[in-house]
Amino acid sequence: MHIHIFWDSQSPPGLQVPVTRMISSILRMPASVSENHVRMMGYVDERKQIDAPVLLDSIQAYKHRHSLKDPLLLVVHQDLFKNGNSFVFGLARESVGAAVVSTARLSNEYYGRDGNDDDLIDRIIKEGSHEVGHLLGLDHCPDHECIMFKPDTLDELDRKKKALCKICSEHLEGHVLPD
Ligand SMILES: [Zn+2]
Ligand SMILES: [Zn+2]
C-alpha cells in the first residue's frame, strides 16, 4: 500500500516534501505527493468554505475513475465545513480511502500571531496523518498526545505529538497488511 497526497496549487508551497516524508514515517508506509488532479467541488459562496463531504465525493469519483485503491489525501487552502460543524480541520471517508485537510486554520496568521513555517508544517503533518490514520482503520484515541486524538482547537492540535501512541501503533500493525 502507498499513500497518495495531492497538494492544491494554492496551499502553502514548499511544504509538500517535509510533510509527506513525516506522514510516511508516522504511519510507516510509503507516501508520495503531487499536484492536485481532483476536481474542486463543494465551494459555498456565502460561507466562503468548502462542503467537505462534497469534496470527498469528488475524490471518490477520481479514485473510481483511475481504479486507485490506495489511500488518497487532498490538501487544500480553503476552509472546510460539514453539516452540523461550523468548520472541520479535515475529514476522512474510510470506506473509499479518501480524505481531505485544510491549511486555512493551521497558520499562526489566521489567529493574528506571527507566521512560522515550522508550526504550519507540524500542524499539516498532524492533521494529515490523523485523517490518513482513519483510512488505515484507526479510530479516535483518548490520549491527548496521540495523532488519533480528535482536536477541537489549535491548542489541542499543538499539544499532540507527531506520533501514534503505543495502542494505536499496535492497531496499525494489526490493520495494515504488508504488500
Ligand atoms: Zn478524526
Ligand atoms: Zn492513540
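Accessible areas here come from the Shrake-Rupley method with a 1.4 Å probe, and for residues only the protein chains shown count as cover. On that basis the protein chain exposes about 9000 Å², of which carbon and sulfur atoms supply 49%. The model is predicted, so local features need pLDDT of at least 70, side-chain atom pairs count only at pLDDT 80 or more, and totals for chains, interfaces and linings use all residues. Residues are numbered from 1 along each chain as its sequence is written, and side-chain values use heavy atoms, with hydrogens and water left out.

The protein chain holds five helices and nine strands; these are DSSP runs numbered from the N terminus, helices (H or I) of at least four residues and strands (E) of at least two. Their order from the N terminus is β-α-β-β-β-α-β-β-β-β-β-α-α-α.

Of the 179 residues in the protein chain, 49% are buried, meaning under 20% relative accessible area (1.4 Å probe, protein chains only).

A nonpolar core is a set of buried Ala, Val, Leu, Ile, Met, Phe, Trp, Tyr and Cys residues joined through side-chain atoms within 4.5 Å. The largest one has 33 residues, and Val19, Leu27, Leu73, Met148 and Leu164 touch the most other members. Among the elements that give two or more residues to this core are strand E1 (3–7), helix H1 (16–27) and helix H3 (117–135); H3 gives the most, with six residues. Beyond its neighbours within four places in sequence, Leu27 is in contact (heavy atoms within 4.5 Å) with residues including Ile3, Val132, Leu164 and Leu172. A second, separate core of 16 residues includes Phe6, Leu55, Ile59 and Leu72.

Note on methods: Chains lettered and ligands numbered in written order. Buried < 20%, exposed > 50% of the residue type's maximum accessible area, 1.4 Å probe, protein only.
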